[in-house]
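Thanks for coming. Please have the sequence and the 3D view open while I talk.

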Amino acid sequence: MPRNDEEVPSSGRETMVTATASEPLLAIDDLHVRFSTRSGTVEAVRGVSLSVAAGETLGIVGESGSGKSVTAFAITRLLDAAGRISQGSIRFKGQDISKASSKQLRSLHGAAISMIFQNPRGALNPIRSVGRQIADAIMAHEPISASEGRARALDLLKAVLIRDPEKRLDAYPHELSGGMCQRVMIAMAIACEPALLIADEPTTGLDVTTQKTVMDLVARITAERGMAMILITHDLGLASRYCQRAVVMERGQVVEQAAPATLFSAPQHPYTKRLVAASPTATSTIADLAPEGASAVPAVELFRPKPAPGTPLLLEVQKLVKRYDGGVTAVDDVSFSIAAGESLGLVGESGSGKSTISRMICRLIDPSEGEILFDGRAIGSLPARDFHRSEFRRDIQIVFQDPTDSLNPRFNAFDCIAHPLRRLLGMKNGSALTGRVSECAERAGLPSELLERLPHQLSGGQKARVGIARAIACRPRLLVLDEPTAALDVSVQAVILQLLDRLRREDGLALLFVSHDLNVVRMMCERTVVLQNGRVVEQGESRTLFSAPATAYARELLDAVLHLGGPTARMPEPA
Amino acid sequence: MSQLSITAKRAGWRFASSLPALFGVLVFTFLLMRVLPGDPAVFFASGPTAGKEEIETIRKQMGLDKPVPEQLLRYLGDIGTGNLGRSLTTGQPVLSDLKSRLPASLELTFSALLIALVTAVPLGVAAALKQGSGIDHIVRFICALGVCVPTFVSGLLLIYVFYYLLGFAPDPTGRVDIFTSPPPLVTGFLLIDFALAGDWEGWRAAASQLVLPAFTMALFVVAPLARITRAAMLASLGSDFLRTARSLGLSRRKVIVTYALRNALLPVLTIAGIVFSTMLGANVLVEKVFSWPGVASYALDALLSSDYAPVQGFVLLMASIFVLVNLTVDVLYGIADPRVSVE
Amino acid sequence: MTSATLRHTVWILRGNPVTAFAAAGAFALCVLAVIGPWIVPYDPVASDVPNALLPPSAKYWAGTDQLGRDVFSRLIVAAGLDLAIAASAVTLSFVIGAVIGALCGYAGGRLDRYVGRFVDVLMAFPLFVLAMAMVAALGNRVENIVIATAIINLPFYIRFARAEVNVRRNAGWVEAARACGDSHVSVVLRFLLPNVLPAMAVQVSLNLGWAILNAAGLSFIGLGVSAPTPEWGIMVAEGARFISTGKWWLVAFPGLALMLTVLCFNLLGDGLRDILDPRMRT
């Protein structure tokens, strides 16, 4: 929905020409940004040109290291000390601001261009009340008294739909949720009605439902006030829903720009193609994610022999409860089961107890009540402290969320993978161990020359592969995946998901897939359990659950998922 | 109002939670006293000339023939009533000796802390604001060097330079020179008492005696204070919320003072408590170097002449002051940082 | 030490001349401490009253003291005693503190609370005063200086090890180790301690300087080492009597020795932080 009559959606290079002709609000020409680091100069942005018309919403899309955030910080000249603009111009309302003095910048910041950031809680001063911080933002540009500032801050809190705004005025950031903090940040950013709002990954780290309400709010406010916005995001779905035009960046350069509908339905540049393919959608399958890698996935449907009658389920969880000291019940009466070779998704927002459940099943922590049956044998009563001696230890393995955090910084990749083999299978150093480690590494897609490296010398995707190789080393029967791709870029996520799916098919592994990403769970899992506040809200076949959720909460979660090619820039009705 | 009650509640809670440590301190000194060579009864006797019977009577009075737990109770009772025994050297009750000498020590320590803070904080801030510049290198050099010079050496070298070579400083003995008559006793802090009496001549004399020892002690703690200020300020300047403040176009003053400095002062406040403790320890050395008539030199003299009641009293006093200082720091921190809850 | 570590160390030292200087200084000090008594020009304890209180000269590099003893010889010989006191005190508190702290940090619960209380009591004393009181109580001997210095250092090591282990106990790689079949004990010994030790080694180096200052301070006030023995603190204490009459070398040289020693260990500690951190390796 174009908000500006002059705005003509078009694709490719023409867009820039059109925008320039109609005198854009912001025009960046051939921008280069360099960082001086220990190992020399790094050019993070290499010749970016783009423009934003007044009132327009432009998305800058890219993966980590693409230079999208650096571009944003270069526009506002908030680069950290090591970074500087080495070439190019940034024209805002016709004036080049790339060389503006700090005094000129101060009058520009907040009043003409403002920003909202990732990690909203960190972006607010922890020891100043939010009311005062908002008032500070206004008083930086308008000569008003403290009491007027307070009154205006209150109005702004109302504008960003914060409940009990009078009370919140004196609250400190730590007393507010992440979503609330982001609303406060938005209030500060719009306080002086700037012409341009730059939102740098504004919803990363927030829960899906919060993500949607925050983005809807930003979209409505910018539309109402006729502000232009640059939305920087790694999430194609977000860009597709909220932007009128999007540019795709890769390694410091713009590779393609067009209206999202065009861009994501018919990408031209190979990188955009890969990126679009890798982003899970409502209908994509694992094989769709990376076309080149499709050959790795067997075309055959998953074949699983029917278990002989009377064979117990692989895993049965009965009325599981976990209470922590201080009376917090993290998991409350949760029951589900997984058959051999089956994959089950565990879905929920933060605080739903999904990580606690996965750790109880892995027998890393003890449940307060309830039973865990593995192969029909109760393992929940065996204390977690002694579980390392259990025969089932090798059968239940886990892949952790943060690949960096899950590798011992002092072990190289080889030792990480060899560790379970040494401990659980008692393998000694020798050709058998080396062979098995190389085999696991190869199956996890880790080149053997990387085995000598320490974790900090590996990329995120490579670390994830080490974690997976370690988990499959002992040929477990149940693999628990705790948000295995949450810290990875979509293109890396795509290959890791394919890898996991292939391993599962080849080895008949059962998977417990814990995630907040519903698209991913839909692709990976045959059945899904939806959790909220430690309780099971709904469970069933993924196909049924995703097409026709039975409960309101599941529906809400599904509605909040952003789909590529969904309705573009659908503006919510003003409240 | 609610802020006040929260603070009061917090102070109360903190005080309550420091009671076990305080109790531990008492037990510790009790044990210390019993391990000490010599007979505790002797400390409490009237003097070195006390006869065998007198000591025996005191032994009974003190209950040294009773089992240890009962002795501990008696000891706690004695402390409660302010009976810390008697000094062999001065012949006075330890409590009154400590009372008359404490102001001298506190005056020295507080002046030194003040000097250290007004030097270290601006230095640390300046170094952080101009990271990598000349001033930063100088401050870091001072920090590296400052922690390496022992107090007693820097004190003596200051005496050499300012008393022997330059003659600026008066004879480094005591709080006032012999020609100045002490002011009427009000607080025991000479600078305050002289000022109250309007005797500015005397005030100058007292101040000039105080300068060298106070600087000696300040020199010792400037380094850690400046170091932590610089580090905290750098962390604060590099934080996300400072970037926010700049993105909103707040004035430079507001960004640096209200946003960066206020946050940076929180760790400085925490470290100030630890620094104060170090200074209480350093008092022993500085008072010895400058023949300062404070509690530490009193305890040291007693210790060297095997007179243990003053030592025990001194250790108890220092520990109580330190507990009090920590309590203050904690309450101040609670006021300065809203994130710290009552819990 | 593997060749990679060695190469890394050399690389770091080359890029970091200050640390190289500190390491060389610390090494030289240790050598001096061992061979000192054999190389000094004069007997450090023999008095030579006619030559008392001579200022530094070509014959007496650091002058002579009130008994005519050569200050330079005494300085060199003293290095052994001062370093030995500090090193044994720090080793003692490091070993005990690391084990107790790591256990508390990993296990938490009752043990952690009791140890925490004990540490609180120790920390409730100004540490120098505590050391003073302990030496007084245990007896005025060198061993007791070591014990007292070790005890006042203990809280730092316990807290440090506890905190370092505590932040890592829920790290993914610790849970992964347990999923790979390690017991709690094995996790602490084989995973957590090796990861915590580098940080503690830095602490040791920084602490060594502090322990030297502390021991010197105690002997300065007349505790521990007694008079004719060459020791930096005592030398300053003896020289203090003559400072008002301008005999600066009696104080300045032992002071300088103390300062340089502490500086070496402090700078070395800062440098070690870089060397032992595997993340710095490229």
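At what angle do H11(B) and helix H12 (residues 295-304) of chain B pack, and how far apart are their axes? Before I answer, some housekeeping. This is a predicted model, in which local features need pLDDT of at least 70 and side-chain atom pairs count only at pLDDT 80 or more, while totals for chains, interfaces and linings use all residues. Residues are numbered from 1 along each chain as its sequence is written, and chains are lettered from A and ligands numbered from 1 in the order in which they are written.

Now the answer. H11(B) and H12(B) pack at about 85°, with 8 Å between their axes. Axes here are lines fitted to C-alpha atoms, for helices over the stretch in contact, and angles run from 0 to 180 degrees between N-to-C directions. That angle makes H11(B) roughly perpendicular to H12(B), a label used for 65 to 115 degrees. From H11(B), the contact uses Asn283(B), Val284(B), Glu287(B) and Lys288(B), and from H12(B) it uses Ala296(B), Ser297(B) and Leu300(B). Contact means that the C-beta atoms of two residues, placed from the backbone, lie within 7 Å. By class, this contact has three nonpolar, two polar and two charged residues. Ala, Val, Leu, Ile, Met, Phe, Trp, Tyr, Cys and Pro count as nonpolar, Asp, Glu, Lys and Arg as charged, and the others, Gly among them, as polar.

Next, chain B as a whole. Chain B has 13 helices and zero strands; these are DSSP runs numbered from the N terminus, with at least four residues (H or I) for a helix and at least two (E) for a strand. The C-alpha atoms of chain B fill a box of roughly 85 × 55 × 40 Å along the principal axes.

Where does chain B touch chain A? In total, 18 residues of chain B are in contact with 25 residues of chain A. On the chain B side, helix H10 (240-247) and helix H11 (252-289) each give two or more residues. H10(B) gives the most, with six. That side has six nonpolar, five polar and seven charged residues.

Last, chain A. Six of its strands form an open sheet of mixed pairing, in the order E16-E17-E18-E13-E19-E20; two strands pair if DSSP finds at least two bridges between them. Strand E16 (396-399) and strand E20 (535-541) of chain A are the edges, each pairing on one side only. Within this sheet, E17(A) and E18(A) run parallel and are joined by five bridges.

Notes:
Parallel < 35°, antiparallel > 145°, perpendicular 65-115°, else oblique.
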